[in-house]
Amino acid sequence: MSSLYREQAHNVRRTFFFMGLFLIVVIAISWLISVIFASPAILYIAVILSVGLNVVAYWKSDTIVIRITRAKPVTRDTHFDYWNSVENLCISIGVPMPKLYVIDDPAPNAFATGRDPKHAAVAVTSGLLHVMEKQELEGVLAHEIAHIQNRDTLIMTVIVVLFGMVTILLDLALHASLFSSDEEGGNMLILLPIYIVAPIILMIIRFAVSRKREFLADATAGVYTRYPEGLASALRKIERASRPVQGARTATAHLFIADPFASHARGRTIPPTEKRLGFMRLFDTHPPIPERVQALVGNTGNNG
């Protein structure tokens, strides 16, 4: 348990590190734009907006994510089994109950968001509620509650907002350089490499953080439910899903329990033995499901 507390504290520190890192990137890009237009005021405005966005990302990132995914709030009366499963888990673990949402989508998936356990939300797709047995659903919900308790949701939802801000600024900088004069256009030589490389680096960092947190959340969920086979079975069902999650976006894909855009979600199941290039795996939002199942239940996870 003490190791979990250390992980939580580490995630909080890492969140502020990423907020600082993104702030530096935003300032650097804003400086380039101000140079292109020869207007220092652009830099000052961008810095003010960046600081404000950091505040918004910390306090309101959960609300933003819920709106992006078009999740709808539920009650005990509308979704009795879903509500009771979360409530029972929270009581047994001794944590506050998060707000509950459902995404109207037949693809089975789920995610959690929020800056801390007192300001958290869990969302599941209607497809997940339809295909999961009770113990499988409890495994998925325990996984999402584990993300909240481990403070994974804090860092992952903050990154969603800040990554979006950097992308917008890069687009603005590129368009500014395209419409600048020939003399000012020389800045394009500086801007273009940044425009290409910066999103890739930020994306790799974002996905690496997500992959690591999934294994910890799986293990924590197994401790919470005392039945890791339930989550393992749920992951196998998600892997066999025949369609992607329509409500997911590239910016929010790493929040879900399984990659909503994975090739298995488009009807092609990847054999566990298929090897991918190490470089390409840097762009995976999640570890392969067979690896997660094996970590949960050992070699028996290959059955079923």
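This report describes a sheet, the helices packed on it, a loop histidine and a surface patch in a predicted model.

## Sheet architecture

Four strands make up an open sheet of mixed pairing, arranged in the order β1-β2-β4-β3. Its edges are formed by β1 (72-73) and β3 (110-114), each of which pairs on one side only. Strand β2 (residues 99-103) is joined to β1 by two bridges in the antiparallel sense. Within this part of the sheet, P73 lies opposite Y101 of β2.

## Helices on the sheet

Helix α3 (residues 80-93) packs on the sheet, where it touches β2 and β4 (120-125). The direction of α3 makes about 140 degrees with that of β2. Helix α5 (residues 134-149) also packs on the sheet, with β3 and β4 as the strands it touches. Here the direction of α5 makes about 150 degrees with that of β4.

## Surroundings of H79

H79 belongs to the loop between β1 and α3. Because its relative accessibility is 26%, H79 counts as partly exposed. When neighbours within four places in sequence are left aside, the contacts of H79 are V74, V102 and L129. H79 and Y101 are 22 residues apart along the chain, and their C-alpha atoms are separated by 9.8 Å.

## Nonpolar surface patch

A nonpolar patch on the surface consists of L192, I196, V197 and I200. Together these residues have about 310 Å² of accessible area. One of them, L192, is located in helix α7 (residues 188-225). L192 counts as partly exposed because its relative accessibility is 37%.

Definitions and conventions
Residues numbered from 1 in each chain as written. Predicted model: local features only at pLDDT ≥ 70, side-chain atom pairs only at ≥ 80, totals over all residues. Heavy atoms only, no water. Patch = residues over 30% accessible without salt bridge, like charges linked within 9 Å, V, L, I, M, F, W, Y side chains within 5 Å. Areas by Shrake-Rupley, 256 points an atom, 1.4 Å probe, with all protein chains shown as cover. Salt bridge = Lys/Arg side-chain N within 4 Å of Asp/Glu carboxyl O. Buried < 20%, exposed > 50% of the residue type's maximum accessible area, 1.4 Å probe, protein only. Pairing = 2+ DSSP bridges. Contact = heavy atoms within 4.5 Å. Axes fitted to C-alpha atoms, helices over the stretch in contact; angles between N-to-C directions.
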